[in-house]
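Subject: Structure handover

Hello,

Here is the structure for you to look through. My notes on what was found in it follow below.

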Amino acid sequence: MAIREYDSSARLPHNHHQNWPLMEELEREMDRVTAQWPSVVPEVQIEGINQLDDRYSSLLDTRIGLADDVRDVTQVTMTRFSRNDDDGSEWYLSIHLCKHRTDTSRIYVCGPVQATCDSIVRRLQEYILKLINYPTSGATSGPSTIESRLQHLHPAIKAGAISRLRNGHGDDALEEACKSVGARLRQLSGLVDQDGAILVGETLGRKKLIALNEGVTQTDISEQEGYMFLGMALFRAGRNPRAHRPADPEFDQDEIVEWLHIASVMHRALDRAKL
């Protein structure tokens with residue numbers, strides 16, 4: 001006998017999908033709502049006039065992929081999809097945010113329990129409306145804020161970054177993250193005597209001791225070069241100013257968090273690297 005599926009949906013206002021802090025809060029809420037689903041598959045899809053179609057594993061990747069040019073983005077779709085529930089049924093949660101009034105922004109939930117579907121839709125609709133009308137209401141204070149903001153960091157730096165930021169050591173958190181990127185580059189390349197931007201340039205640039213792709217097409221070459229410049233910026237603009245002055249107890253947490261995400265992006269690129 002086939003398992004009956006139920007669905008619920010709700011409409012949302014328009015013209016807010018380019019509010020990235022709101023989107024990040026919303027993604028965290030989706031993670032929390034679907035935490036009990038086994039084998040949840042996340043996806044973020046961006047569509048735009050200039051063929052910005054792509055899929056990303058997190059909203060951080062989305063922001064890096066689109067850089068500052070989001071003028072032509074027309075819609076953002078975030079989904080959570082579970083294939084292996086205990087009773088063999090499937091759960092599906094989608095939030096579709098549109099820029100133009102000709103389309104409809106909405107929440108859609110499908111699953112085996114009608115009451116649960118309705119509850120999730122109502123909860124998310126209230127949460128999104130609250131974030132739109134009161135943008136700071138979704139944020140919390142204290143250690144939980146740091147953990148939520150850094151939950152997507154690469155495992156190589158996540159635990160150390162959270163503990164240092166929690167104790168008020170922002171400069172130290174970034175410096176340790178940069179050290180881990182440098183150690184990774186030395187391990188993969190064998191250049192044990194180099195460090196910082198020079199190490200990045202030697203391994204990803206001039207000598208190309210580490211390849212991040214096949215290096216065949218112009219896109220491959222451009223991507224490799226882009227990560228080289230990104231890594232050099234991490235060391236020169238992120239680490240070096242902090243390494244040559246006393247630690248700043250009044251550090252800008254937002255800035256540190258953003259640099260930590262850059263270090264995380266470098267680690268994820270190195271995860272797929274070839275010698």
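Axes here are lines fitted to C-alpha atoms, for helices over the stretch in contact, and the angle between two N-to-C directions runs from 0 to 180 degrees. One more point before the findings: this is a predicted model.

Overall picture

The protein has nine helices and six strands. Of its 275 residues, 44% are buried. Taking contacts between residues at least 6 apart in sequence, 65% join residues at least 24 apart. The exposed surface comes to about 14500 Å², and 49% of that is supplied by carbon and sulfur atoms.

Helices H7 and H8

Helix H7 covers residues 196–206 and helix H8 covers residues 218–243; they pack with axes 8 Å apart, at an angle of about 175°. Angles over 145 degrees count as roughly antiparallel, so H7 is roughly antiparallel to H8. On the H7 side, the residues that meet H8 are Gly 196, Ala 197, Val 200, Gly 201, Leu 204 and Gly 205. They face Gln 224, Tyr 227, Met 228, Gly 231, Met 232, Phe 235, Arg 236 and Arg 239 in H8. Sorted by class, the contact of H7 with H8 holds seven nonpolar, five polar and two charged residues.

Gly 196 is worth a separate look. This residue is in helix H7. Is Gly 196 buried or exposed? Its relative accessible area is 2%, and the cut-off for buried is under 20%, so Gly 196 is buried. Setting aside residues up to four places away in sequence, Gly 196 touches Phe 235 and Arg 239. Both of these are among the H8 residues listed above for the contact with H7.

Helices H5 and H6

The second pair is helix H5 (residues 155–166) with helix H6 (residues 170–189), packed at an angle of about 165° with axes 8 Å apart. H5 and H6 are therefore roughly antiparallel to each other. The crossing of H5 past H6 is right-handed. H5 contributes Ile 157, Ala 161, Arg 164 and Leu 165 to the contact. H6 contributes Gly 170, Asp 172, Ala 173, Glu 176, Ala 177 and Ser 180. The classes in the contact of H5 with H6 are five nonpolar, two polar and three charged residues.

Two buried residues elsewhere

Leu 124 sits in helix H3, which spans residues 114–133. Its relative accessibility is 0%, so Leu 124 counts as buried. Apart from neighbours within four places in sequence, Leu 124 is in contact with Glu 29, Val 33, Leu 93, Ile 95 and Ile 107. Leu 124 and Leu 26 are 98 residues apart in sequence, while their C-alpha atoms are 8.5 Å apart in space.

Thr 79 belongs to strand S4, residues 73–82. With a relative accessible area of 8%, Thr 79 is buried. What does Thr 79 contact, leaving aside neighbours within four places in sequence? The partners are Met 30, Val 41, Pro 42, Glu 43, Tyr 92, Leu 93 and Ser 94. Leu 93 is also in the list of contacts for Leu 124.

Regards

Key:
Residues are numbered from 1 along each chain as its sequence is written. This is a predicted model: local features need pLDDT of at least 70, side-chain atom pairs count only at pLDDT 80 or more; totals for chains, interfaces and linings use all residues. Side-chain values use heavy atoms; hydrogens and water are left out. Helices (H or I, at least four residues) and strands (E, at least two) are DSSP runs, numbered from the N terminus. Angles under 35 degrees count as roughly parallel, over 145 as roughly antiparallel, 65 to 115 as roughly perpendicular and the rest as oblique. A crossing is left-handed if the near helix is turned anticlockwise from the far one by less than a right angle, and right-handed if clockwise. Contact means heavy atoms within 4.5 Å. Ala, Val, Leu, Ile, Met, Phe, Trp, Tyr, Cys and Pro count as nonpolar, Asp, Glu, Lys and Arg as charged, and the others, Gly among them, as polar. Buried means under 20% relative accessible area, exposed over 50%, partly exposed in between (1.4 Å probe, protein chains only). Accessible areas come from the Shrake-Rupley method with a 1.4 Å probe; for residues, only the protein chains shown count as cover.
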